[in-house]
Amino acid sequence: MLAKVLSGALIGIDAYPVEVEVDIAQGLPQFATVGLAEGAVKESKDRVKSAIKNSGYDFPVRRITINLAPADIKKDGTAFDLPMAIGILAATGVIKNHRPRGYAFMGELSLDGLIKPVRGALPVAVAARQWGAEALILPAENAREGAIADELPVYGVSDLGQLVDFLNGEQSLVPCSVDRKELFGQGARHDFDFAEVRGQEHVKRALEVAASGGHNLLMVGPPGSGKTMLARRLPTILPTLSFAEALVTTKIHSIVGLLPRQDALVCTRPFRHPHHTISDAGLIGGGTVPKPGEVSLAHHGVLFLDELPEFKKNVLEMLRQPLEDAQVTISRAASTLTYPSDFMLVAAMNPCPCGYLGDALHECSCTPPMTRRYRNRLSGPLLDRIDLHIQVPRVRHQELAATIDGESSSAIRSRVEQARHRQQERFAGSATVCNAAMSPGQLRRFCALDDSGQKLMETVTDRLGLSARTYTRILKVARTIADLAGEEQIRQEHLAEAIQYRSLDRKSS
């Protein structure tokens with residue numbers, strides 16, 4: 001007796017079809033799983049056996065062979081429990097018709113037959129129609145997530161018995177439906193607002209410039225000056241996520257298992273804040289079974305690294321590729337996976353080990369060599385990839401005691417969106433979406449300087465010993481400042497503002 005059931009597995013952030021072939025033959029009782037099944041898949045036999053028995057069905061005491069095709073790709077996870085059980089029940093005649101062939105199945109089984117949620121439901125829902133599936137069967141808790149794709153009917157089931165009755169036509173189920181526009185509107189809310197920030201007007205301006213051009217930013221200031229508070233509010237002034245961006249971001253969170261069950265869609269730009277003890281695999285991605293890291297979880301959002309010099313040097317240096325390429329490639333002997341990582345890097349650090357260098361209220365206890373060693377933890381190539389270096393001084397009492405709210409995030413975001421709109425028109429027809437991602441050709445075309453601008457850049461380059469990468473970063477930031485001002489030509493004042501955002505640049509000795 002042979003049965004075939006369609007399921008899916010993940011490779012990167014995309015899904016590929018897996019055909020679960022179940023063969024039940026005469027012979028000594030045995031349950032064998034082939035097709036490069038990893039640990040969790042091999043353990044499925046015990047869960048499937050108990051779930052079938054505890055749901056009131058007879059488990060065949062025969063030789064059972066299950067093949068997961070294609071057999072040359074490793075399979076991991078618990079999502080094959082449900083298609084295995086359906087295949088066994090179809091092969092033994094419990095499921096009396098051929099309807100399982102028109103469905104794709106995913107789900108983890110508990111020992112009592114309940115169907116538990118799994119990771120990666122959204123990528124499978126997006127791709128299942130291309131595999132020839134007519135509908136998708138998911139755990140009830142994953143149904144809204146699968147319905148977001150709006151590619152084919154998605155049925156949510158809670159236990160094995162309910163699913164068998166549905167496949168036999170003894171019970172009807174209603175496909176899960178989600179109003180994507182309503183869900184997108186309800187979820188696009190923020191808990192923070194720039195109106196709550198007192199003082200730091202020049203830092204707010206720098207954050208507005210960074211958000212307008214998609215630039216990376218580093219804040220330097222003493223403890224308690226508001227660096228983390230400002231960083232947490234940066235997503236509130238970034239342009240609203242488009243549905244296409246939200247779908248890709250949701251797929252990444254889905255395959256990692258971080259998508260809240262009540263939220264079927266990530267509607268706001270992610271804000272990831274890893275601790276400085278994070279490993280390179282945790283930040284960039286990887287592991288025995290490669291998974292996305294923090295740089296991919298921050299895709300289309302903000303990656304905030306607080307206490308930047310405290311991160312391991314090798315971890316920080318691994319940021320270079322995702323910052324340049326907006327993607328991460330993880331190579332293994334069996335496969336190579338690529339995860340998107342188009343994020344804004346926002347970092348914060350103290351000016352010295354004790355944190356009080358230049359603070360008028362606290363005396364710094366660090367010697368010059370200590371301060372140099374502290375700052376030398378950040379390599380020149382990494383600092384070159386950060387467009388804006390901002391000094392964040394301590395907030396004065398009169399600013400903290402002010403009763404008038406600052407400018408709201410919505411007001412700032414409107415200016416940011418206008419600047420982004422100008423960039424979209426400028427780069428129409430190309431893959432570039434913001435000034436920070438301009439190619440060398442676009443830089444020459446859209447960042448041409450007049451004579452006064454050329455003289456200013458020549459003077460600054462000679463005095464600060466700027467690298468070629470830093471030079472282009474300044475031009476890109478100046479282009480963004482001009483966009484915020486509604487100017488087509490980069491003027492000297494735009495360049496001057498962009499230059500003063502490079503506070504950590506010093507001429508090498």
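This is a predicted model: local features need pLDDT of at least 70, side-chain atom pairs count only at pLDDT 80 or more; totals for chains, interfaces and linings use all residues.
Colleague: What is the mean pLDDT of the protein chain?
Modeller: The mean is 91. pLDDT is the predictor's confidence in each residue, from 0 to 100. In the chain, 97% of residues reach 70 or more.

Colleague: Where is confidence lowest, and where is it highest?
Modeller: Helix α7 (residues 180-187) is lowest, at a mean of 74. Strand β14 (residues 302-305) is highest, at 98.

Colleague: What makes a run of residues a helix or a strand?
Modeller: Both are DSSP runs, numbered from the N terminus: helices are H or I with at least four residues, strands are E with at least two. The protein chain has 22 helices and 18 strands.

Colleague: How do you know that the span of helix α8 agrees with expectation?
Modeller: The expected span is 1.5 Å times one less than the number of residues. Helix α8 (residues 201-213) has 13 residues, so it should span 18 Å. Its end C-alpha atoms are 19 Å apart, which agrees.

Colleague: What about helix α10?
Modeller: Helix α10 (residues 243-256) has 14 residues. Its first and last C-alpha atoms are 20 Å apart, close to the 20 Å expected.

Colleague: Why is Gly-213 called buried?
Modeller: Buried means under 20% relative accessible area, exposed over 50%, and partly exposed in between (1.4 Å probe, protein chains only). Gly-213 has 0%, so it counts as buried. This residue is found in helix α8.

Colleague: Which residues does Gly-213 touch?
Modeller: Contact means heavy atoms within 4.5 Å. Leaving out residues up to four places away in sequence, Gly-213 touches Arg-420, Gln-423, Cys-434, Asn-435, Ala-436 and Thr-480. The C-alpha atom of Leu-400, 187 residues away along the chain, is separated from that of Gly-213 by 30 Å.

Colleague: What makes α8 mostly covered?
Modeller: In α8, 10 of the 13 residues are buried. Among them are Val-203, Leu-207 and Glu-208. Just after α8, Gly-214 takes a positive phi of about 70°.

Colleague: Which residues of α10 are buried?
Modeller: They include Ala-246, Leu-247, Lys-251 and His-253. Gly-257 follows α10, with a positive phi near 85°.

Colleague: Why does Thr-236 count as buried?
Modeller: Its relative accessible area is 2%, so Thr-236 is buried. Thr-236 sits in the loop between α9 (227-232) and α10. Not counting residues up to four places away in sequence, Thr-236 touches His-190, Phe-192, Phe-194, Ser-409 and Arg-413.

Colleague: Why is Ala-25 called partly exposed?
Modeller: Its relative accessible area is 26%, so Ala-25 is partly exposed. Ala-25 lies in strand β2 (residues 14-25). Residues up to four places away in sequence aside, Ala-25 touches Arg-62 and Arg-63.

Colleague: Why is Asp-150 called exposed?
Modeller: Asp-150 has 57% relative accessibility, so it counts as exposed. Its place is in the loop between α5 (143-147) and β9 (154-157). Phi of Asp-150 is near 55°, a positive value in a residue other than glycine.

Colleague: Which peptide bond is cis, with omega near 5°?
Modeller: That bond runs from Ala-69 to Pro-70. Pro-70 lies in the loop between β4 (63-69) and α3 (81-91).

Colleague: How many of the residues count as buried across the protein chain?
Modeller: Of its 509 residues, 51% count as buried. The C-alpha atoms fill a box of roughly 85 × 50 × 45 Å, taken along the principal axes.

Technical notes:
Residues are numbered from 1 along each chain as its sequence is written. Side-chain values use heavy atoms; hydrogens and water are left out.
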